[in-house]
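Please look over the sequence and the structure shown below before reading the notes that follow.

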Amino acid sequence: MNPTSIPRFPGVPDLLLERYLCDELSREEARRVEEAARVSPELAAHLRERQAEKAAFALVRPFGPVRARLETPRPGRWRGLWHWSHPVLVLGVVLAAVLPRLVTLEEVEKVRVRGGLTARVLVKRGDAVFEQGPGVVLRPGDRVRVEVEDVNGGALYVLALSERGRVTPLQGFEATGGALSMGPGRWVLPGSLELDAAPEQEALVVVLASDAPSAPSPQTVQRWLEHAARETAFPPSPSPLPGTRHTVHVLPKELP
């Protein structure tokens, strides 16, 4: 995997660019990015490429249904029960009938995210965009983006791990643009990665600390994965780092 395929532009932080592409900047901040693009053809070309990529990925992962789910207010749990609060016998019957249903609805929401942290890989191959699912083999030159979903959110770290034990920080580290965090829900991480032709298998490891202020340092996260990479099996099955959850996503790749 080639993390150097994510360009850096002096004076314009990666997070600022991502917020610009997501229309999250104030007018003054957006003007700053546009002024920088006017004097930097490389930055202008990068923004055009990212806007095209986001449009393509949006066709595969539209945010509308998720936004509707997040923004729809949930009805009060007890609103329907107070109407039946007299007599007490009727209230008891209603509680017995309704509470299991309320719990079921809540459990459905928890099951949807499978215990919390989920990571998916979205692939761009030429003009085609698709999710890397079971049986999908990637090719050198494919560009991938990581989509993370979690019911709580928190501080994020993304690392690449090769079958030879090499650990490469990708997101959430000082050398990769600084700290990264997400709120509850689903987020396609900034930047894309290009698969190289190295004759080895690779995996992506996503680490999430829900309590961002007490999250482990990036150095601790990297050492934790380097220790786990000493296992002979690939991918490894690391023990959870205290205060975090993680997921390991293998990237099956065509080998020469």
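Accessible areas are calculated by the Shrake-Rupley method with a 1.4 Å probe, and for residues only the protein chains shown count as cover. On that basis the protein chain exposes about 14,600 Å², of which carbon and sulfur atoms supply 58%. This is a predicted model, in which local features need pLDDT of at least 70 and side-chain atom pairs count only at pLDDT 80 or more, while totals for chains, interfaces and linings use all residues. Residues are numbered from 1 along each chain as its sequence is written, and side-chain values use heavy atoms, with hydrogens and water left out.

**The chain as a whole**
- The protein chain has 7 helices and 10 strands, which are DSSP runs numbered from the N terminus (helices: H or I, at least four residues; strands: E, at least two).
- Of its 256 residues, 39% count as buried, where buried means under 20% relative accessible area, exposed over 50%, and partly exposed in between (1.4 Å probe, protein chains only).
- Among contacts (heavy atoms within 4.5 Å) with a separation of 6 or more, 71% are between residues 24 or more positions apart.

**Nonpolar cores**
- A nonpolar core is a set of buried Ala, Val, Leu, Ile, Met, Phe, Trp, Tyr and Cys residues joined through side-chain atoms within 4.5 Å.
- The largest such core has 22 residues, and Val-148, Leu-156, Leu-189, Leu-204 and Val-206 touch the most other members.
- At least two residues of this core come from each of strands S1 (118-125), S3 (143-150), S4 (154-162), S6 (180-182) and S9 (202-209).
- A second, separate core of 14 residues includes Leu-16, Tyr-20, Leu-21 and Ala-30.
- In helix H1 (residues 14-21), the buried residues are Leu-16, Leu-17, Glu-18, Tyr-20 and Leu-21.

**An aromatic pair**
- Rings of Phe, Tyr and Trp (its six-membered ring) pair if their centres lie within 6.5 Å, and planes under 30 degrees apart count as stacked, over 60 as edge-to-face and the rest as tilted.
- A search of the whole structure finds 1 aromatic pair.
- Tyr-157 and Phe-173 form this edge-to-face pair, at 5.8 Å centre to centre and with 65° between the planes.
- Tyr-157 lies in strand S4 and Phe-173 in the loop between strand S5 (167-171) and S6, so the pair ties together parts that are 16 residues apart in sequence.
- Both Tyr-157 and Phe-173 are buried.

**Gln-201**
- Gln-201 lies in the loop between strand S8 (193-194) and S9.
- A polar atom of the Gln-201 side chain lies 3.1 Å from the backbone nitrogen of Lys-253.

Definitions and conventions: A polar contact is a pair of N or O atoms within 3.5 Å; within protein, one must be able to donate a hydrogen and the other to accept it, and residues adjacent in sequence count only if both atoms are side-chain atoms.
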